[in-house]
Amino acid sequence: MKRLLLFLCLTSAAFAGEVHLFILSGQSNMAGLKPEKAFLPELKKLLPNDDIQHVKFAKGGQPIRKWVKTFDEIAAKSKLSAKKDPGAFYDETLKAARASIAAKKPKTITFLWMQGERDAKEKLSAAYEESMNTLIANLRKDLSVPEMNFVIGRLSDYSTSEHWEAVRSAQVKVATGDPRGSWVDTDDTNNKVKKGKPHNDLHYTKEGYDLFGQRLARQAVLLIKGEKPDPKGRP
């Protein structure tokens, strides 16, 4: 009996999957993503034997400065006006991640980010690249995970303004400039019809959110497996 119990314990340990934590954060298009609809099912399909954990903190209409406490210093370099509320959401995101880590220590942590619309509209694109790099660096430091992966959702084709395009470029630059980074394309997630005419909306369609979630999962798993993410953001 003892040998049988030992065998069962060893067998169970041998087949116990690794724990992976996914931190989802950002503004309205991340808030609109329902992880259980497509994101989590895609992860479970790609990592069938592993333990998938996730936390989410997203607020609609919020600029990146809400997650970056040093935003004013970053903005000053580009002669942008100081703001009164930098970093208001960073601790909330960190708290959620730490609670999950305390419950189950993960093998890997991946940060998933969809945000930037507000910064483009407020014409703060000049500070976006450094703010994004700072946010990632802070999470790696404060979670004690220097090898944290990240996936950035690039702004859609809703607008073609100068600042909108600048934020899009900054997002891709940050993602491709880090060996543990990647990005996903969202240009085909927001195709709607307005007054009988095709319209690229600010927010995604129901199918668009599902596609967005699947792409986040696929890019994240490629990073976890040490494989090259899709360079066009459409894995």
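This is a predicted model: local features need pLDDT of at least 70, side-chain atom pairs count only at pLDDT 80 or more; totals for chains, interfaces and linings use all residues.

Select Pro 106, Lys 107, Thr 108, Val 145 and Glu 147. Of the 15 residues lining the largest pocket, these five sit closest to its centre. The space in there comes to about 200 Å³. Now colour strand 3 (108-114) and helix 9: each gives the lining at least two residues.

**Stop two: helix 9.** Stay with helix 9 and select residues 206-224. Helix 9 is 19 residues long and spans 27 Å from first C-alpha to last, close to the 27 Å expected at 1.5 Å a residue. Just past the end of helix 9, click on Gly 226, where phi is positive at about 75°.

**Stop three: the helix pair.** Which hand does the crossing of helix 3 and helix 9 have? Right-handed.

To see who makes that contact, show side chains on both helices:

- From helix 3: Phe 39, Glu 42, Leu 43 and Leu 46.
- From helix 9: Gly 213, Gln 214, Leu 216, Ala 217, Arg 218 and Val 221.

Colour the set by class and you'll get 6 nonpolar, 2 polar and 2 charged residues in the contact of helix 3 with helix 9.

Conventions. Residues are numbered from 1 along each chain as its sequence is written. Side-chain values use heavy atoms; hydrogens and water are left out. Axes are lines fitted to C-alpha atoms, for helices over the stretch in contact, and angles run from 0 to 180 degrees between N-to-C directions. Helices (H or I, at least four residues) and strands (E, at least two) are DSSP runs, numbered from the N terminus. A crossing is left-handed if the near helix is turned anticlockwise from the far one by less than a right angle, and right-handed if clockwise. Contact means heavy atoms within 4.5 Å. Ala, Val, Leu, Ile, Met, Phe, Trp, Tyr, Cys and Pro count as nonpolar, Asp, Glu, Lys and Arg as charged, and the others, Gly among them, as polar. On a 1 Å grid over the protein atoms alone, a cavity is a set of points where a 1.4 Å probe fits but cannot get out, and a pocket is an open set with protein on both sides within 12 Å along at least five of seven lines; lining residues have an atom within 4 Å of a point. Grid points are joined across faces, edges and corners, and a volume is the space filled by probe spheres set on the points. The expected span of a helix is 1.5 Å times one less than its number of residues.
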